[in-house]
Amino acid sequence: MTLNHHSITSEVYSYIRDCNYKNAIQFLQSKLEDGASRLPPILSLLAYCSYHDRDYLRASELYEELLEMSPACEQYQLYYLQSLVNAESYIDASRAATLTTVSSPSPFFHRIKLLHAQAQVETGLLSEATTTLAQCNEEDTNAVLCLAGIHFRKKDYASALDKYTDNFIDERPPSIAYCRALCHYHLEQHEMALRAVTDIIVATAEDPSESESCLVEALNLKAAIQFAMKDLAAARATMKELIQLQEDNDLHDAVTMHNYAIVNFSTHPTMATKELNSLFSQQSYPSEILGNILVMYLGQGHDDLASETFEANRHVLQELLSHETYSYLQAAVGLMTSPNDNVTLENSVAEHAKRLKSEMKRLNTTHTRAATASSRHDSSRPVSCRPSTATYTQVQRDLAHATKEFDTNVKQFVPLLMLQAKVLWDQREFAKTESFLMHYSEILRGNDIFCENLAHALFVQQGDKLEESISYYERLIHSHTDTTNLLELPAMVLANLTIAYILSNQNGKAEAIMKAIEHEEDNVLATGDTAERYYHNCIVNLAVGTLYCEKGNFVFGLSRICKSLEPFDKNLCPDTWFYTKRCFLALASKISKLMFCLSDDMFDEIIDFLEAIENEANSIFLDEHTKDDKINLTNGPPTIASEARQLKKMFITLSE
């Protein structure tokens, strides 16, 4: 069959001119089906249109066919490689790049090397990619970006930031600005990261030409930065803004929904877990999602679900999670199924601790090198005696990278370590818990979670350990003074510190802590932010009241507890009620055993208080994790009102 090639190309180019690639593909495909020979001009046009229609796999197949006809054609070699990279067929792309006949004089050489490096990066061959890039023009923008990406993947964020900053001083497109902000975030330079990402959001909002995806990425990063800074209220507000933006445009992406669930987990754990499970059921989901689901299950006491999910996805978890995180989850699930068998946990802790100690030695060596370089770089020394600026900069960069890597590994090690400490704690071996934690103090010094748990282990032993517990609790408070407020600390830390002050006759300090907490809660209420609710002041007062009850002064202790819950609409919740009812039950036990005598007026006050609780708390259901089977007071739907009703009946009976 004879075809008029001029008429074919004329019609195809009219489609291409209008960017109507689908019609062009259909037209060319119909000609081939009508018996046209698979000549290079037709196949070349079909490949070109398929590529621009984003059917990269089809384009690569066509360019491969063209290469079989013209193996030496450099353009086909380039376009074939480019199609494979865009089709994410990185192994095939690397193989094609090594077989190319294009040499350095060719105008296509540089682009082929860049594509080869990109394919190597995506397959994890970072050193090989660096070698490939060395053959490119080092001043080329794409080469610089690729090298920066290699540094980023190696977690050398300082070097990546240098590349993004030094080579794009006069250029501030959102994509480069976002990369800078991301580097600052990973370097834990949160203030700088927040400023950078805020600038991106403002610029994107003001310039309609910028895509909405830039704004979505920027808002997600902003929420992540705020979350890392422990400003949960701000992180929730940012995610709320992003969700509203996507709802207005009928768009939802998995990363946004994942982050929305994470920042809302502390206030809406059930909703957050349900959302993550929904995302996990989809074909494509963020790599962090499975680990977060397991952590949420463990945090909510859903041991069976955690064990089932872990076992069903063990192979996936090994690929997605860091070695430390996987070891933690494996040990946590193992303790559920075999509570008395913690050999695996002990071995994991010993293995990771040994590696951290080796890293710490290397870090100390790097510190020494940096200190030596710094002293030699002193401007007061003769120029001939100073190291080069490049050498000095590299030493400082190595130190920053090593420090960051060590800190990250420590953070990943802490949950595993605390899991083993919890085994001792649950056995009420508090002295052994203290000794166990102190064994790792050299590695973990300065870590807030370590300080908090060590302080708890010292506090519960009391006696001569009380003063030592105070020093660790105070360290936590001082570490939060400049970055956030007391309300970001766990309420139990503040409660235990207040009790420790009272028991060590430092009542002035105890009163100062309580006033500071009350002042900060009043400030939150003054902002009108109803989404963020704090119970720190209430819990501290509950702890003080409980202390007096334990000392036998039930009259003062219970009066303090009753006042701590007022107003009920602010302070009454499952957590605060849990500690309240324990004190009333302890009092009822002593009265029933004739170990304590209560006046009629005090009986009346208690009954009136419990009746007020009953009237107020009909709709406040008890969380599963705050219920204690030993002190469950009702067989019906567990509400605070139903338990208050049972307590009221108990005290009416005791008063008769």
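## Charges and rings in a predicted model

Asp-600 is exposed, with a relative accessible area of 57%; exposed means over 50%, buried under 20% and partly exposed in between, using a 1.4 Å probe and protein chains only. This is a predicted model, where local features need pLDDT of at least 70 and side-chain atom pairs count only at pLDDT 80 or more, while totals for chains, interfaces and linings use all residues. Residues are numbered from 1 along each chain as its sequence is written, and side-chain values use heavy atoms, leaving out hydrogens and water.

Asp-600 belongs to helix H33, residues 600–616 (helices are DSSP runs, H or I, of at least four residues, numbered from the N terminus). Together with Asp-601, Asp-604, Glu-605, Asp-608 and Glu-611, Asp-600 forms a negative surface patch. Residues in such a patch have over 30% relative accessible area and no salt bridge, with like charges joined within 9 Å.

Now to the salt bridges, each a side-chain nitrogen of Lys or Arg within 4 Å of a carboxyl oxygen of Asp or Glu. The count comes to 14 salt bridges, and the table shows three of them, among them Lys-22 with Asp-53.

| Pair | N to O distance |
|---|---|
| Lys-22 and Asp-53 | 3.2 Å |
| Glu-351 and Arg-355 | 3.9 Å |
| Lys-465 and Glu-434 | 3.0 Å |

Lys-465 sits in the loop between helix H25 (448–461) and helix H26 (466–481), and Glu-434 in helix H23 (residues 430–438), so this pair ties together parts 31 residues apart in sequence. Glu-434 is buried at 11% relative accessible area, whereas Lys-465 is partly exposed at 22%. Glu-351 and Arg-355 are four residues apart in helix H21 (residues 343–376), so about one helical turn separates them. Elsewhere, salt bridges with shared partners join Glu-614, Arg-645 and Lys-648 into one network.

Aromatic pairs are rings of Phe, Tyr and Trp (its six-membered ring) with centres within 6.5 Å; planes under 30 degrees apart count as stacked, over 60 as edge-to-face and the rest as tilted. There are 17 aromatic pairs by this rule. Phe-556 is partly exposed, at 35% relative accessibility. Phe-584 and Phe-609 are stacked, because their centres are 5.8 Å apart and their planes at 25°. This pair links distant parts of the chain, with Phe-584 in helix H32 (residues 574–592) and Phe-609 in helix H33, 25 residues apart.

Conventions: Patch = residues over 30% accessible without salt bridge, like charges linked within 9 Å, V, L, I, M, F, W, Y side chains within 5 Å. Areas by Shrake-Rupley, 256 points an atom, 1.4 Å probe, with all protein chains shown as cover. Lys, Arg positive; Asp, Glu negative; His and termini not counted. Charge placed at Lys NZ, Arg CZ, Asp CG, Glu CD. Helix = DSSP H or I, 4+ residues; strand = E, 2+ residues; numbered from the N terminus.
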